[in-house]
Amino acid sequence: MDYFRPLSIEEALGLAQQPGRLFLAGGTDLSLHMREGRINPLGLIDLGKIAELKEIRLEGEWLEIGSMTTFYDLGQSDLIRKQAKALWQACQTMGSPQIRHQATIGGNLGNCSPAADGLPPLLALGAEVELVSARGRERVLLADLLKRTPLLESGTLIKGFLIPLQGWDSGFAKLGRRQALAIARLSTAFALKRQDGVALEVRAAFGAVGRRAFLSEPLAQSLSGRVLNESWLEDAVKGSQNAVAEALGSRASAPYKRVAVGGVVRQALKTMLGGGNHDGD
Ligand SMILES: Cc1cc2nc3c(=O)[nH]c(=O)nc-3n(C[C@H](O)[C@H](O)[C@H](O)COP(=O)(O)OP(=O)(O)OC[C@H]3O[C@@H](n4cnc5c(N)ncnc54)[C@H](O)[C@@H]3O)c2cc1C
């Protein structure tokens, strides 16, 4: 098998033109899949030397996150803590400390497991994804990208994520299997734009419910434009239970997850309603 370590995005894209080659980020998913014989690439293009892909920065009205940023770096970043609280929270509980040091946010999307912890927060925060390939560049809403099959055309590189800075508070919670290596059984992220005690706009995302993480539009609509009070909170919980039940249909896990989502949603909402995004809490 060939192994390459390009120094620039252009070089990586050139190498990816040959069939059978895959991008390698932290390798936490890829190495497992190769060991299990689920994939057998002819070449690996290691993105680890491309500094441009590891940046977290504010650019105008956007928070930009390079695809090779690790969960550890995201979890240590004040910018992420202040501007993208739900994502910051997800980084604290993802995998084990060793996994967090290796695993990247781009690889989380590239692998796109139903339980990918990075995706519900990015969805709730309204993130866009920048894709590059030999065919050119594309910016697409993550919510729209997650509806594509295949997720990425061959040779397409995830350059990074762009989160709009429009004063949203957010919160994340998950139900894991074990504390130390917590692969989510169920996760949720909420984001809220509010003014004078009114929820102007809401986004609600769920993970480990169905094939890929998703945003629930009906739930977001039912909670937007309403006073933030106890009945809003109860409707958020009930609406989440309905969204999860609908997504799971008759799957065996449906009755358990329908109940479990209540606690997970309350936890995410508590962080979100406590503010935290802008006060550095
Ligand atoms: C023990 C263990 C515990 C884990 N716990 C969790 C957990 O709690 N939560 C969670 O979400 N995940 C968990 N994972 C899964 C994994 O760590 C994550 O999905 C991680 O984010 C993958 O990132 P990576 O950098 O290792 O990707 P890699 O394994 O390098 O790549 C994954 C896939 O994405 C593609 N890819 C990578 N980068 C790019 C790019 N820039 N552009 C295009 N394609 C790309 C690769 O070709 C490959 O197909 C766990 C894994 C292990 C082994």
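Helices, of at least four residues, and strands, of at least two, are DSSP runs numbered from the N terminus. The structure described here is a predicted model.

Around the ligand, the shell comprises 32 residues, and the closest of them are A25, G26, G107, N108 and G110. Two or more residues of this shell are contributed by each of β2 (21-24), α2 (30-35), α6 (97-102), α7 (105-111) and β8 (157-164). Helix α7 provides the largest share, 5 residues. Divided by class, the shell around the ligand holds 17 nonpolar and 13 polar residues, together with 2 charged ones.

In one of them, 3 strands are arranged in the order β1-β3-β2 with parallel pairing. Strands β1 and β2 are the edges of this sheet and have a single partner strand each, so one side of each lacks a neighbour in the sheet. From one strand to the next, the twist averages 20°. Strand β1 (residues 2-4) is joined to β3 (residues 43-46) by 3 bridges, and the two run parallel. Within this pair, D2 is placed opposite G43 of β3, while Y3 has L44 of β3 as its bridge partner. The pairing of β2 with β3 is likewise parallel and extends over 4 bridges. Here L22 stands opposite L44 in β3. Strands β2 and β3, with helix α2, make up a β-α-β unit that is right-handed. Two elements of this unit, β2 and α2, are also among those that give two or more residues to the shell around the ligand.

The other open sheet contains 5 strands in the order β4-β5-β8-β6-β7, with antiparallel pairing. Its edges are β4 (56-59) and β7 (136-141); each has a single partner strand, so one side of each remains without a neighbour in the sheet. The twist in this sheet averages 25° from one strand to the next. Strand β8 is paired with β6 (residues 128-133) in the antiparallel sense, over 5 bridges. E128 is located opposite L162 of β8. Strand β8 also belongs to the elements that supply two or more residues to the shell around the ligand.

Packed helices are described by the angle between their axes and by the distance separating those axes. Helix α11 (residues 230-248) packs with helix α12 (residues 254-273) at an angle of about 145°, and the axes are 9 Å apart. The crossing of α11 and α12 is right-handed. On the α11 side, the contact is made by L233, A236, V237, S240, Q241, V244, A245 and L248. On the α12 side, the contact is made by A254, K257, R258, V261, G262, V265, R266 and L269. The residues of the contact of α11 with α12 comprise 10 nonpolar, 3 polar and 3 charged.

Two backbone features remain to be described. Most residues other than glycine have a negative phi, and most peptide bonds are trans. The peptide bond from T149 to P150, however, is cis, with omega near -5°. P150 is situated in the loop between α9 (142-145) and β8. The phi of C112 is near 50°, a positive value in a residue other than glycine. C112 occurs in the loop between α7 and α8 (119-124).

Note on methods
Residues are numbered from 1 along each chain as its sequence is written. This is a predicted model: local features need pLDDT of at least 70, side-chain atom pairs count only at pLDDT 80 or more; totals for chains, interfaces and linings use all residues. A residue is near a molecule or strand if its C-beta atom, placed from the backbone, lies within 6 Å of it. Ala, Val, Leu, Ile, Met, Phe, Trp, Tyr, Cys and Pro count as nonpolar, Asp, Glu, Lys and Arg as charged, and the others, Gly among them, as polar. Axes are lines fitted to C-alpha atoms, for helices over the stretch in contact, and angles run from 0 to 180 degrees between N-to-C directions. A crossing is left-handed if the near helix is turned anticlockwise from the far one by less than a right angle, and right-handed if clockwise. Two residues are in contact if their C-beta atoms, placed from the backbone, lie within 7 Å. Two strands pair if DSSP finds at least two bridges between them. A crossover is right-handed if, with the strands pointing away from the viewer, the path from the first strand over the helix to the second runs clockwise.
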